[in-house]
Amino acid sequence: METTDKTKVKGGEFLIKDTLYQDVFIPEEFDEEQQMIAQTCHDFLAAEIFPNLERIDNQEEGLMQSLLEKAGELGLLGVSIPEEYGGFGKNFNTSMLVADVIGAGHSFAVAYSAHTGIGTLPILYYGNEAQKVKYIPKLGTGEWKASYCLTEPNSGSDANSGKTKAKLTDDGKHYVINGQKMWITNGGFADIFIVFAKIDEDKNLSAFIVEREFGGITMNPEEHKMGIKGSSTRQVFFDDCYVPVENMISERGNGFIIAVNILNIGRIKLSAAAIGASKSVISRAVNYANERSQFDRPISKYGAIRFKLAEMAAKVYAVESANYRAGQNIDDAYEALVEGGMDTAKAKLKSTEQFAVECAILKVWGSEALDYVVDEGVQIYGGMGFSAEAPMDRAYRDARINRIFEGTNEINRLLTVDMMLKRAMKGELDLMTPATAVAAELLSIPEFGEEDDTLFAAEKKILKNLKKATLMVAGAAVQKLMMSLSKEQEILMNIADMASYIYIAESALLRTEKLVAFRGAEACEGQLNMMRIYFVEAVDASQKAGKEALWAFAEGDEQRIMLAGLKRFTKMNAFNVKEARQQVAQQLITANRYCF
């Protein structure tokens with residue numbers, strides 16, 4: 001397999017190319033200015049959000065709006081906005097860092113991400129200059145709040161099936177919008193609505209900037225939700241809402257493209273926010289485990305609790321590594337596109353689109369890591385974890401929506417494989433050559449050379465073999481099922497999980513390798529252990545997913561050969577994972593917080 005050229009990395013290539021640790025960005029590399037921005041976010045949460053969580057959840061009149069305005073005064077709404085429109089103009093990974101820290105802010109994090117992401121970016125990236133000048137500065141300060149109106153009662157995952165209509169007036173000056181939208185975050189107080197509707201009998205959506213002041217907008221009362229109770233969620237009705245023609249974003253019929261590309265950004269930002277929330281929950285769980293005594297000992301002394309803390313930390317460390325790796329890939333692609341002469345707004349979208357595979361993976365893995373963390377957080381708190389008086393109640397309820405937001409995790413798993421196969425069919429990603437090589441290797445006698453005992457050699461061998469296992473299963477599924485593969489969702493999700501474990505585990509390895517190069521192995525014991533703990537999970541889960549897929553479509557000798565190959569490719573040397581967990585847990589317990 002080839003090594004990467006940092007400026008030419010393509011989305012999805014992780015499955016067929018090796019990456020050098022020198023070519024990835026790790027969160028330990030954030031500079032002083034970026035750390036100051038992160039600290040500003042921490043301070044804002046501590047001063048404005050955490051003391052007011054009950055008031056926020058009770059949706060106290062005007063409170064969320066005032067919090068967004070205060071965030072705007074600090075510049076937190078304008079991190080991604082170019083300086084000419086009043087923002088800071090920071091790179092993508094800096095905006096990821098802000099999403100990470102703000103992610104611990106419960107319902108506020110949802111309002112914040114809806115405003116700065118899906119509410120603002122369609123105008124920033126697709127709007128014309130007049131639209132940007134009119135709207136972006138006020139959105140950047142929080143003077144105007146934004147929402148995003150895509151979902152309808154009968155169009156969720158199938159967003160382009162929406163029924164909301166737009167009709168041009170006889171004088172050609174307005175589009176009249178009629179329809180219903182639901183689950184609209186910030187709907188109760190938004191000044192600006194990004195609305196998707198079909199003009200006449202168009203097959204594809206168009207997008208419009210709709211001001212509340214245009215009229216013709218009514219709403220149902222606030223939805224009563226399982227979690228994120230403090231975020232405004234409304235059904236929004238458009239009844240002869242007159243929108244000036246100049247408020248169409250981009251071109252007629254471009255709405256679905258806008259929605260898809262903005263969702264790519266939303267997915268990776270959601271993962272960053274989920275990791276920030278996870279770190280906050282782990283810190284609370286460690287605090288409680290140190291304070292709570294049973295049988296005359298703090299429960300943090302017990303192996304069962306240490307197991308949970310270490311597993312929580314390992315998942316978060318791995319996904320966080322992948323978040324900032326992908327974020328840097330997006331930044332690098334953006335710079336290369338701009339240097340090649342592309343318009344900056346188009347380059348922002350194109351660079352994210354190039355890594356849509358990774359965005360989908362991260363959305364799934366970030367949200368599921370958070371789900372695991374909050375579930376074990378409740379368990380560590382025991383009976384108090386089930387009490388509404390303890391912090392795990394809110395964390396548990398608020399986390400659940402993330403597996404549904406920005407495309408369900410099932411949809412994103414299917415998209416992961418679909419996008420990779422489509423790129424292969426277009427010749428953008430050569431999956432067939434390595435898949436064919438793996439198929440030939442199955443019939444060969446394994447080579448047994450001397451064991452490489454250098455640091456990271458074992459993990460690199462595991463990764464190489466996991467890539468072979470995934471290519472073997474995916475290649476055989478494509479060959480056997482052909483056009484019917486798109487209907488075999490269980491098999492596609494098996495393959496998606498195998499590919500995703502490779503990306504997340506490899507990211508954890510590259511981060512650890514880079515840290516060791518900076519600090520030495522002795523100073524990185526915790527990171528080494530977390531990476532290896534995650535590798536155990538990746539190998540076991542990949543073997544299970546591969547086996548289930550092969551059982552589903554392969555038969556006879558073909559099945560036996562590939563199952564033998566899967567067994568060969570998912571071997572792992574004995575590793576005392578119990579001891580590794582103990583050491584990771586001890587670092588957390590000593591620091592009394594998430595400390596990696």
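**Close-up 1. Helix α13 and the glycine that comes after it.** Glycine 427, which follows helix α13, has a positive phi near 85° in this predicted model. The helix itself covers residues 409–425, and its 17 residues reach 24 Å from the first C-alpha to the last, close to the 24 Å expected at 1.5 Å a residue. Buried positions in α13 include Asn409, Asn412, Arg413 and Arg423, and among the others are Leu414, Val417, Met419 and Met420. The partners against which the buried residues of α13 pack are α8, α10 (344–354), α11 and α16 (489–519).

Close-up 2. The structure holds 13 aromatic pairs, and one of them is formed by tyrosine 288 and tyrosine 381, whose rings are stacked at 4.0 Å centre to centre with 15° between the planes. Because tyrosine 288 lies in helix α8 and tyrosine 381 in helix α11 (residues 356–381), the pair ties together parts that are 93 residues apart in sequence. Tyrosine 288 is buried, with a relative accessible area of 14%, and tyrosine 381 also counts as buried, at 9% relative accessibility. Elsewhere, Phe25, Phe30 and Tyr324 form one aromatic cluster.

Close-up 3. Lysine 315 forms a salt bridge with glutamate 537, in which the closest N and O atoms are 2.7 Å apart. Since lysine 315 lies in helix α9 (residues 303–339) and glutamate 537 in helix α17 (residues 525–553), this pair ties together parts that are 222 residues apart in sequence. The charged end of lysine 315 also sits over the ring of tyrosine 372, at 4.6 Å from the ring centre. With a relative accessible area of 13%, lysine 315 falls under the 20% limit and is therefore buried, whereas glutamate 537, at 21%, counts as partly exposed. Another lysine placed over a ring is lysine 348, which lies over the face of tyrosine 334 at 4.5 Å from the ring centre.

Close-up 4. The side chains of arginine 252 and aspartate 202 meet in a salt bridge, with a distance of 2.7 Å from N to O. This pair links distant parts of the chain, 50 residues apart: arginine 252 belongs to the loop between β10 (248–249) and α8 (255–291), and aspartate 202 to the loop between β6 (192–199) and β7 (206–211). Arginine 252 is partly exposed, with a relative accessible area of 44%.

Close-up 5. Aspartate 557 and arginine 560 form a salt bridge whose closest N and O atoms are 2.2 Å apart. Because the two residues are 3 residues apart in helix α18 (residues 556–569), aspartate 557 and arginine 560 are separated by about one helical turn. Both ends count as exposed, with aspartate 557 at 51% relative accessibility and arginine 560 at 52%. A search of the whole structure finds 37 salt bridges, and Glu28, Asp100, Lys279, Glu320 and Arg511 are linked in a network of such bridges.

Close-up 6. Cysteine 595 is in no disulfide, and the nearest cysteine sulfur, which belongs to cysteine 524, is 13 Å away; the cut-off for a disulfide is 2.5 Å between sulfur atoms. At 27% relative accessibility, cysteine 595 counts as partly exposed, while cysteine 359, at 1%, counts as buried.

**Close-up 7. The surroundings of leucine 67.** Leucine 67 has its place in helix α3 (residues 63–73) and counts as buried, with a relative accessibility of 1%. When its neighbours within four places in sequence are left aside, leucine 67 is in contact with Phe44, Glu48, Ile49, Ile56 and Phe108. Leucine 67 and tyrosine 112 are 45 residues apart in sequence, and their C-alpha atoms are 9.4 Å apart in space.

Key
Residues are numbered from 1 along each chain as its sequence is written. This is a predicted model: local features need pLDDT of at least 70, side-chain atom pairs count only at pLDDT 80 or more; totals for chains, interfaces and linings use all residues. Side-chain values use heavy atoms; hydrogens and water are left out. A salt bridge is a side-chain nitrogen of Lys or Arg within 4 Å of a carboxyl oxygen of Asp or Glu. Helices (H or I, at least four residues) and strands (E, at least two) are DSSP runs, numbered from the N terminus. Buried means under 20% relative accessible area, exposed over 50%, partly exposed in between (1.4 Å probe, protein chains only). Rings of Phe, Tyr and Trp (its six-membered ring) pair if their centres lie within 6.5 Å; planes under 30 degrees apart count as stacked, over 60 as edge-to-face and the rest as tilted. A charge sits over a ring if NZ of Lys or CZ of Arg is within 6 Å of the ring centre and within 35 degrees of the ring normal. The expected span of a helix is 1.5 Å times one less than its number of residues. Contact means heavy atoms within 4.5 Å.
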